[in-house]
Amino acid sequence: MSLQIGVITLFEPMFAALTELGITGRALRQGLWHLHNFNPRDEVTDNYRRVDDRPYGGGPGMVMLAEPLTRSVQRARAQLGSQARVIAMSPQGLPLTHDKVITLSQSAPLIIVCGRYEGMDQRFIESQVDEQISVGDFVVSGGELPAMMLIDAIVRCLPGALNDEQSAEQDSFANGLLDCPHYSRPPVFEGREVPEVLQSGNHALIEEWRRNESLRATLLNRPELIDVARRAGRLSAADERFLASLSGV
Ligand code: SAH
């Protein structure tokens, strides 16, 4: 069954990057997911087709009006089903994680709302939105790029989206750790050699090397993830021995 994703946006053409290119484009053509666009401007009938106005209380910028957004969500729900989950992209949300992506990839249809200007009228968020999601502690000009990141991450988790199922399993965060380094030809580049073990053909040794390098990268770059993996019981005795050998140096 294909995953139905509705997007509420004033900038529909941006999503061509997802629907036409790369893994997400191929997955769309394979019928693994479908994108439905809803433009709040289609919901307003006045001459200016106004979707934003000045904020109460004064100050800079404009606010996206509650009514066109609400009507867009209603239209999307009518098309995708009332069980659809409504997500607003916002710096107010919890930062997106791998676990969240997995959950959303297995859930009901999604309706993703992209803000612009200073954001959306709070009453719309309170009445229509199930959950706000952030892509990090910084601000971009609109919810489209954050929504595209979310959709891309979800789509690559759908069974069949990646050519080699394994590559999703080996990606960073899939097992709670960062990915190991990767190498391709030539065997020597600017004097730097591909680690010998990777050229050995010994699969058990290669697997052990990859696991260890994954642990090393995580300890070096994101040490807090090691603690999380440890608490979740995801580290073996061999992992702990390797980590101990690192901190001993
Ligand atoms: N005034 C708002 C920022 C508005 S930016 C604030 O300070 O919080 C305009 C829109 O871009 C937002 O409504 C949201 O949809 C999107 N956006 C900006 N940064 C984001 C982030 N880190 N994560 C998710 N969406 C973001």
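R71 pairs up with E67 in a salt bridge, with the closest N and O atoms 2.4 Å apart; the term covers a side-chain nitrogen of Lys or Arg within 4 Å of a carboxyl oxygen of Asp or Glu. Why do R71 and E67 sit about one helical turn apart? Because they are four residues apart in helix α3, residues 66-80. Helices here are DSSP runs of H or I with at least four residues, strands are E runs of at least two, and both are numbered from the N terminus. The structure holds 14 salt bridges.

A quick word on what you're looking at: this is a predicted model, where local features need pLDDT of at least 70, side-chain atom pairs count only at pLDDT 80 or more, and totals for chains, interfaces and linings use all residues. Residues are numbered from 1 along each chain as its sequence is written, and side-chain values use heavy atoms, with hydrogens and water left out.

Now for the ligand. There are 19 residues around it, and M89, G115, E118, V135 and F138 come nearest (a residue counts as near if one of its heavy atoms lies within 4 Å). Sorted by type, the shell has nine nonpolar, eight polar and two charged residues; Ala, Val, Leu, Ile, Met, Phe, Trp, Tyr, Cys and Pro count as nonpolar, Asp, Glu, Lys and Arg as charged, and the others, Gly among them, as polar.

Two or more residues of the shell come from each of β5 (85-95) and β7 (131-134), and β5 gives the most, with three.

The peptide bond from R185 to P186 is cis, with omega near 0 degrees, and P186 lies in the loop between α7 (165-170) and β8 (188-189). Y117 is not a glycine, yet has a positive phi of about 55 degrees; Y117 belongs to the loop between β6 (110-113) and α5 (122-128).
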